[in-house]
Amino acid sequence: MATFMAILWGCVVSIAALIAVIFPLFSIYLTYLHWKYCHLPGPKRDSFFSGNLPYILSERAKGLTIYEISGKLHEIYGPVVLLFAYHKPFTFVSDPELVRKCIITLNLPKNPVVYGHLGYPFGQRLAGRGVLNEVDHGVWQKRRALLNPAFHRRYLMNLMSSFNDSCNLFLEKLDEMADGKTVVNMADEFARVTLDVIGKVAFNVDVNTIQDADSPFPSSIYKCLKGVLESLRTPFWRISLSTYAYQRSVIEAAKFIRNFGKKVILDRQGAVLQGEDTPLDILAHILSVKEKQSSITNEDLVDDFVTFFVAGQETTSNQLSFTLYEILRHPEVENRIVKEIEAVLGSHQFLEYKDLGNLQFLGQTLKEGLRLHPPIGGITRITTRDENIGGYIFPAGTSVNISQFLMHRHLDSWKDPLQFDPDRFSPEVKGEIPHSVYFPFSLGPRTCIGQTFAQIEARVFMARLLQQFELTLCPGQDDMKHEEALTLRPKGGVLCTLKRRHEN
């Protein structure tokens with residue numbers, strides 16, 4: 001017993017001595033960082049150690065996203081704002097010229113710390129080093145070039161039957177609830193059907209999310225995305241006992257998605273080896289990367305599978321949800337869309353590729369939905385050397401955050417920016433919109449590879465939904481809030497009742 005107590009006491013003394021050394025060193029380092037960034041504008045730190053974190057947390061408690069918080073600060077401090085979270089300084093930039101400089105002129109690389117959490121939330125591999133979060137530009141460029149053909153318009157033109165087939169299942173399910181009384185969360189329904197589409201069209205697998213109310217895929221994806229955000233916001237997660245159970249739930253969700261991806265890939269590789277006919281889909285192009293780059297492993301292929309499976313579902317689902325919400329709040333917009341659909345489609349329900357271009361006002365409306373409610377609220381870059389941005393020197397290694405959410409509502413760039421107005425994107429004026437104030441799919445060389453896929457899918461589903469159903473928002477949804485789950489989702493969903501549009 002005496003020996004045990006002596007060992008225990010020795011451990012306590014050693015830990016105390018270690019803390020006595022580390023604490024002053026950390027304090028000196030933090031003092032240096034505060035001095036290094038003191039020339040950048042921003043609010044006064046609430047605490048020497050936690051920085052601006054108390055303020056950020058208090059604003060989040062009011063239901064504000066980090067983009068809305070930074071927007072408030074830009075009104076006070078101008079287009080460049082500095083915040084500290086513990087020992088991590090990060091900046092927000094909100095000026096069209098500065099956005100263009102950071103993303104296009106300087107072509108600042110992605111921040112490896114931020115995208116590392118996307119690849120490995122709480123240390124568990126999720127998207128790994130997939131094409132979305134590969135920070136090495138040279139590696140990314142080669143991978144992107146091999147995957148580009150899968151998203152070329154000529155290939156996507158041949159997918160209209162698949163889009164329509166999934167839409168048929170979607171509309172059949174809604175028809176069962178179209179009594180004008182049953183409350184339907186359209187955000188959930190969009191999440192399920194877009195998963196069905198990405199499974200069938202991209203990977204030739206049926207995840208059966210439309211009909212299966214107990215499907216684990218929607219909740220697993222949500223948990224993974226939320227987990228990425230919480231992993232990023234919890235710098236000391238490795239020693240946090242209070243979040244251990246939550247971390248394990250995120251890890252299990254990530255394993256579920258990756259194991260599904262591994263099975264899909266192994267099944268396709270086996271079919272190819274057996275000489276079976278396999279579709280030239282997105283999965284085929286993912287597998288071709290390994291054929292052309294011998295260093296690529298199956299785990300790397302799973303990274304790209306997860307990237308397309310999750311991102312391909314999440315962004316379109318959120319776009320449809322927010323845009324439907326805005327359409328239903330603006331009856332004049334809905335009436336114009338319905339008339340356009342009737343003129344283009346008549347009694348036909350199958351949408352052909354040539355119909356998409358004729359649905360001009362619907363396309364404008366979807367773009368305006370992306371403007372007010374971009375599925376991705378912001379992107380993060382990092383300086384590799386000292387850079388002059390907006391008259392301030394950003395030291396090498398500075399995190400630079402650029403928000404689509406803020407730029408899409410930029411007071412000096414948009415007339416009545418909070419007003420939902422699809423005519424902003426009419427053919428007569430859309431050419432006047434600078435790229436640096438409207439970039440829902442990012443900007444510069446690393447724009448989203450799947451944006452054309454997403455926009456075709458969105459037009460098909462919105463057109464056919466409004467062709468067949470009259471939807472009414474349930475009361476109490478006058479002020480839609482945004483929920484951060486890495487992406488921006490409609491908080492609480494979009495609750496509606498439905499009835500057939502042409503009931504007798």
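A: Glu340 is placed in helix H14, residues 331-345 (helices are DSSP runs of H or I with at least four residues, numbered from the N terminus). The model is predicted, so local features need pLDDT of at least 70 and side-chain atom pairs count only at pLDDT 80 or more, whereas totals for chains, interfaces and linings use all residues. Residues are numbered from 1 along each chain as its sequence is written, and side-chain values use heavy atoms, leaving out hydrogens and water.

Glu340 is buried (under 20% relative accessible area; exposed is over 50% and partly exposed in between, with a 1.4 Å probe and protein chains only). A polar atom of the Glu340 side chain does lie 2.7 Å from the backbone nitrogen of Phe361. Apart from residues up to four places away in sequence, Glu340 touches Asn358, Leu359, Gln360, Phe361 and Leu362 (contact means heavy atoms within 4.5 Å).

Thr315 counts as buried because its relative accessibility is 18%. Beyond neighbours within four places in sequence, Thr315 is in contact with Pro375 and Ile376. The C-alpha atoms of Thr315 and Phe48 are separated by 38 Å.

Phe48 belongs with Phe23 and Phe49 to a nonpolar patch on the surface. Phe49 is found in the loop between helix H1 (2-36) and helix H2 (53-60), and its relative accessible area of 32% makes Phe49 partly exposed.

Notes: Patches are made of residues with over 30% relative accessible area and no salt bridge: like charges are joined within 9 Å, nonpolar side chains (Val, Leu, Ile, Met, Phe, Trp, Tyr) within 5 Å. Accessible areas come from the Shrake-Rupley method with a 1.4 Å probe; for residues, only the protein chains shown count as cover. A salt bridge is a side-chain nitrogen of Lys or Arg within 4 Å of a carboxyl oxygen of Asp or Glu. Helices (H or I, at least four residues) and strands (E, at least two) are DSSP runs, numbered from the N terminus. Lys and Arg count as positive and Asp and Glu as negative; His and the chain ends are not counted. A polar contact is a pair of N or O atoms within 3.5 Å; within protein, one must be able to donate a hydrogen and the other to accept it, and residues adjacent in sequence count only if both atoms are side-chain atoms.
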